[in-house]
Amino acid sequence: MLLLHRAMVLRLQQACRLKAVHLRLCIQACSTNESFQPQRPSLTSGDNSSTRGWRVMGTLLGLGAVLAYQDHRCRAAQESTHIYTKEEVSSHTSPETGIWVTLGSEVFDVTEFVDLHPGGPSKLMLAAGGPLEPFWALYAVHNQSHVRELLAQYKIGELNPEDKVAPTVETSDPYADDPVRHPALKVNSQRPFNAEPPPELLTENYITPNPIFFTRNHLPVPNVDPDSYRLHVVGAPGGQSLSLSLDDLHKFPKYEITVTLQCAGNRRSEMTQVKEVKGLEWRTGAISTARWGGARLCDVLAQAGHQLCETEAHVCFEGLDSDPTGTAYGASIPLARAMDPEAEVLLAYEMNGQPLPRDHGFPVRVVVPGVVGARHVKWLGRVSVQPEESYSHWQRCDYKGFSPSVDWDTVDFDSAPSIQELPVQSAITEPQDGETVESGEVTIKGYAWSGGGRAVIRVDVSLDGGLTWQVAELDGEEQRPRKAWAWRLWQLQVPVPAGQKELNIVCKAVDDGYNVQPDTVAPIWNLRGVLSNAWHRVHVHVAP
């Protein structure tokens, strides 16, 4: 026993000498029990030498085991701390390559967790190859200790510190000062920036979170100083022109309304399948909903001396965004709509309770409920009342619909009115085209909306391409008569017919004027690809 005792002491002394420095660095970080403190054994006069020897040896053996365990953990930590570049991480976006994500400076391989993700695999896959922070910011439930502990199990290394260096801004580039965007957005063009949220996030919430609200820019995003900002409102004859600061606008009574904005080109990609069109390839995501706050346009116009007149008139808006020639984005709406308190047109300075994001018009934009997004001018700089609509290119020579027979050789933009109110619309967001669904029961989700304040009263859904129909359940805020400014989200849980290997899912919405979507795209095709609102269709496979 004494020889065993001496041998153990010698081995522990050697181990302690070799690992002392290493353990001092590692033990605090690696230990799972901070309260552990090795104690010197108590040797009382009543103990015999044998008992003392066993106790000393037991203590030394215990200490040795702890030291060996800590050393093992530190070795494992050292061996697993690989350094990866952002480029390496971004190449791991599929089960074949592995699915990697980052949080802060840490890198995680979550391949095995994707199918276990409580929000569904598709939600986690949005972050594949990139950071988790933008997505966790949308869902506060992630910011809990047990979620971080779960993620820690999948850590594989650290990001290269050099990747954290911000890129140099090239000031000669008109887009160099554009804001940072959420990585979930599906980009249709970078310059100017145009992007839509992925379908699985679009109807996750009734109110679209600001970071993933669809973005439609025509020009570089201006960086406006809120302290020096002024909105110029041209006065009526005999009235007084206004130069309003942000503080001045806040002095008007504040109104808040929930409004859906939709781009005229939403679902344009379906028209391109019929025949080529000119325009961004929007899918189903050029539509979003927010709670807007600001002053009513009618109140501001009234202070400038404007009132309704018997002759036709238009309120013209100019943005602070401009092209290299200095031409600003512009649009207009009829004066009758602008002056009607029931139309609730806003000069908005808040979006979902926050100051407008730069991409969405900071510091002030127009919000025209029930009207195409092109008239909701952002970064508003000037308002005037004119006998004719705006002479802006985007008002006179764009955002108009034509017969399928009209092509670019025969088009006459003066022959068609500018789009204001949009037709009834709906689309399926889950499941997505080409997906495989489980047999048994399928849940179908989507959105529906109609222009001009017309309420959606029904959404019909078919699993067999339109042969038979079922009525979906409508969710969201109750809509007021003639003021249904926001969409209705809908869903349908339905059994999958026995033996079916695939489903041809179709949806169509009906508004309170009993307007209904057309069944196919071809009869409504037009050279600009606008007003695309045919039945929305997705084809899915059924798991055996």
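These are my notebook entries on a predicted model, taken one topic at a time.

**Entry 1: cysteines**

I began with the cysteines and looked for disulfides. A pair would need its sulfur atoms within 2.5 Å, and by that rule I count zero disulfides. I then looked up how accessible two of the cysteines are. Cys263 has 6% relative accessibility, so I noted this residue as buried. Cys397 comes out at 35%, so I put this one down as partly exposed.

**Entry 2: the nonpolar cores**

Which residues touch the most other members of the largest nonpolar core? I found Leu297 and Leu380, in a core of 52 residues. This core takes at least three residues from each of domain 2 (186-397) and domain 3 (424-542). A second, separate core has 23 residues, and I listed Phe108, Leu126, Val147 and Ile212 among them. As background, nonpolar side chains in soluble globular proteins tend to be buried together.

I went back to Leu297 for its contacts. Beyond its neighbours within four places in sequence, Leu297 is in contact with Val315, Phe317, Ile333, Ala338, Val345, Leu346, Leu347 and Val383.

My next stop was Val442, which sits in strand S21 (residues 441-449). Buried or exposed? Val442 is buried, because its relative accessible area is 4%, and buried means under 20%. Setting aside residues up to four places away in sequence, I see Val442 touching Val437, Leu492, Gln493, Val494, Val496 and Leu503. I also checked Val442 against Pro495: the two are 53 residues apart in sequence, yet their C-alpha atoms are 6.3 Å apart in space.

Thr215 belongs to strand S8 (residues 215-216). With 2% relative accessibility, Thr215 counts as buried too. Its contacts, leaving out neighbours within four places in sequence, are Phe193, Asn194, Ala195, Trp282, Asp359 and His360.

**Entry 3: a five-strand sheet**

I traced an open sheet of five strands and wrote down the order S20-S27-S26-S22-S23, with mixed pairing. Which strands are at the edges? They are S20 (436-437) and S23 (470-471), each pairing on one side only. A reminder to myself: strands of a sheet pair through backbone hydrogen bonds, either parallel or antiparallel.

Strand S26 (residues 502-511) runs antiparallel to strand S27 (residues 536-542), and six bridges join them. Cys507 is opposite His536 of S27.

I kept one rule in mind here: most residues other than glycine have a negative phi, and most peptide bonds are trans.

Two cis bonds went into the notebook. The bond from Phe362 to Pro363 is cis, with omega near 10 degrees, and Pro363 lies in the loop between strand S16 (354-355) and strand S17 (365-367). Glu430 and Pro431 are also joined by a cis peptide bond, with omega about -5 degrees. Pro431 is in the loop between strand S19 (425-430) and S20.

Then I looked up two positive phi values. Glu344 is not a glycine, but its phi is about 55 degrees. I placed Glu344 in the loop between helix H11 (335-339) and strand S15 (346-351), and Glu344 is buried at a relative accessible area of 13%. Tyr399 likewise has a positive phi, near 55 degrees. Tyr399 falls in the loop between helix H12 (393-396) and S19. With a relative accessible area of 2%, Tyr399 is buried.

Conventions: Residues numbered from 1 in each chain as written. Predicted model: local features only at pLDDT ≥ 70, side-chain atom pairs only at ≥ 80, totals over all residues. Heavy atoms only, no water. Buried < 20%, exposed > 50% of the residue type's maximum accessible area, 1.4 Å probe, protein only. Helix = DSSP H or I, 4+ residues; strand = E, 2+ residues; numbered from the N terminus. Contact = heavy atoms within 4.5 Å. Core = buried A, V, L, I, M, F, W, Y, C linked by side-chain atoms within 4.5 Å. Domains from an automatic or database assignment. Pairing = 2+ DSSP bridges.
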